[in-house]
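Work through the exercises below with the sequence and the model open. Each task is followed by a solution in steps.

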Amino acid sequence: MELSGGRRRPTIKDVAAVAGVSRGTVSRVLNGGHWVSPEALTAVQSAIKSTGYAANRHARSLVTGRANSVAFLLTEPQQLLFEDPNFSVLLRGAADALAKRDIPLLLMVAGTPAERRHVTDYITAGHVDGVLVISSHADDPVIASLLREHIPVVACGVPLGYEGRVGYVAADDVTGAREMVRYLRDSGRRHIATITGPLDTPGGVLRLKGYREELGRAYDEGLVAHGDYSRLGGQRAMADLLATRPEIDAVFVASDLMAAGALTTLSAHGKRVPEDIAVGGFDDSWLAATLSPALTTMRQPFERISSEMVRLLTEIVGGEQPAAVLLATTLVRRESA
């Protein structure tokens, strides 16, 4: 086969000749490097670069029985892919980590029952080697379907209902929530409310758990409002809190996007932030620093989460057992609290 301009596409034979090894050795390097000496591995890798060789993915998939691609699956309504800044950061990080392994990434969204059926059918037909599941919900039917078909899966966040069966990478939601509430209390706030995420998601459940544990005996169910990780959900939950508990002087919001909505409501009600009510978020997405006032929040290490998810998934595809990684969060102080 020729490239544009009449130049012939380099082959395994060319790589072998430059490296001074057999074609079989080159093939073993391309398929994982097993049973190849360090010297031969270095020689082949150097020859690949110098010749400009690019593996034929279709031919490789026929040999290995793999699709040589990975799915990034968002189990949320499509609009959240564009509204929630966290998803784009995770997507970019996963794509970068997979690119280093020469593996393409397929973006899939399954926010409705019909979308879930179509996505599950596509994945289980063998078009991808594994799935990175983003924003899974408790007892997620997509995860159940993938597990039945023995598809390697790694979740972002604790996969509620599938702990022990699905690998995952998560920020330490409980400790992060406790640190934020402790910070608000130490700054003199005494009536600290919270706006939770959906209680069928790990962030919704575990950040509420941290809030409750940190308050201890001072925990008051009436200071808890529930959101849906959207800006509008944050607006509505904040309005409910102001109507029912006007004495609140701080609010811990379980995502930056909901915190943006809460700030809109507080401004509409004439509340000064942080003078009247302090606001703390969770994520430290790019949105946090652009809000007015800029948002005090808990930073999730999104790039590390993405790279660790890819690492765990490639290990499972290679035959390893599912594993879990828990990463620390960091308090970022800005003007809102």
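**Exercise 1.** From which domains does the lining of the largest cavity draw at least three residues each?

*Solution.* The model is a predicted one, in which local features need pLDDT of at least 70, side-chain atom pairs count only at pLDDT 80 or more, and totals for chains, interfaces and linings use all residues. Residues are numbered from 1 along each chain as its sequence is written, and side-chain values use heavy atoms, with hydrogens and water left out.

Step 1. List the domains, whose bounds come from an automatic or database domain assignment: domain 1 (12-55), domain 2 (70-171 + 302-327) and domain 3 (173-299).

Step 2. Find the cavity. On a 1 Å grid over the protein atoms alone, a cavity is a set of points where a 1.4 Å probe fits but cannot get out, and lining residues have an atom within 4 Å of a point. Grid points are joined across faces, edges and corners, and a volume is the space filled by probe spheres set on the points. The count is 1 cavity of 30 Å³ or more, and the largest cavity holds about 350 Å³. It is lined by 25 residues, and Ser135, Cys156, Arg207, Tyr229 and Gln300 are the closest to its centre.

Step 3. Assign the lining to domains: domain 2 and domain 3 each give at least three residues.

**Exercise 2.** How do the residues of the lining of the largest cavity divide into nonpolar, polar and charged?

Step 1. Sort the residues, which gives 12 nonpolar, 8 polar and 5 charged.

Step 2. Look up the elements, where helices (H or I, at least four residues) and strands (E, at least two) are DSSP runs numbered from the N terminus. At least two lining residues come from each of helix 6 (85-99), strand 5 (167-171), helix 10 (202-215) and helix 13 (302-317).

**Exercise 3.** Which way do the residues of strand 8 point, and are they buried or exposed?

*Solution.* Step 1. Buried means under 20% relative accessible area and exposed over 50%, with partly exposed in between (1.4 Å probe, protein chains only).

Step 1. In strand 8 (residues 250-253), Ala250 and Phe252 point one way, Val251 and Val253 point the other way, and all are buried.

Step 2. Strand 6 (residues 192-196) pairs with strand 8 in the parallel sense over 4 bridges, with alanine 193 opposite valine 251. Strand 9 (residues 278-283) also runs parallel to strand 8, joined by 3 bridges, and here alanine 250 stands opposite alanine 278.

**Exercise 4.** Where is aspartate 283 placed, and what is its phi?

*Solution.* Step 1. Aspartate 283 belongs to strand 9.

Step 1. Its phi is near 140 degrees, a positive value in a residue other than glycine.

Step 2. Aspartate 283 counts as buried because its relative accessibility is 3%.

Step 3. Go on to aspartate 284, in the loop between strand 9 and strand 10. Aspartate 284 also has a positive phi, near 55 degrees, and is buried at a relative accessible area of 13%.

Conventions: 1 Å grid on protein atoms, 1.4 Å probe; cavity = no way out; pocket = protein on both sides within 12 Å on 5 of 7 lines; lining within 4 Å. Nonpolar A, V, L, I, M, F, W, Y, C, P; charged D, E, K, R; others polar. Pairing = 2+ DSSP bridges.
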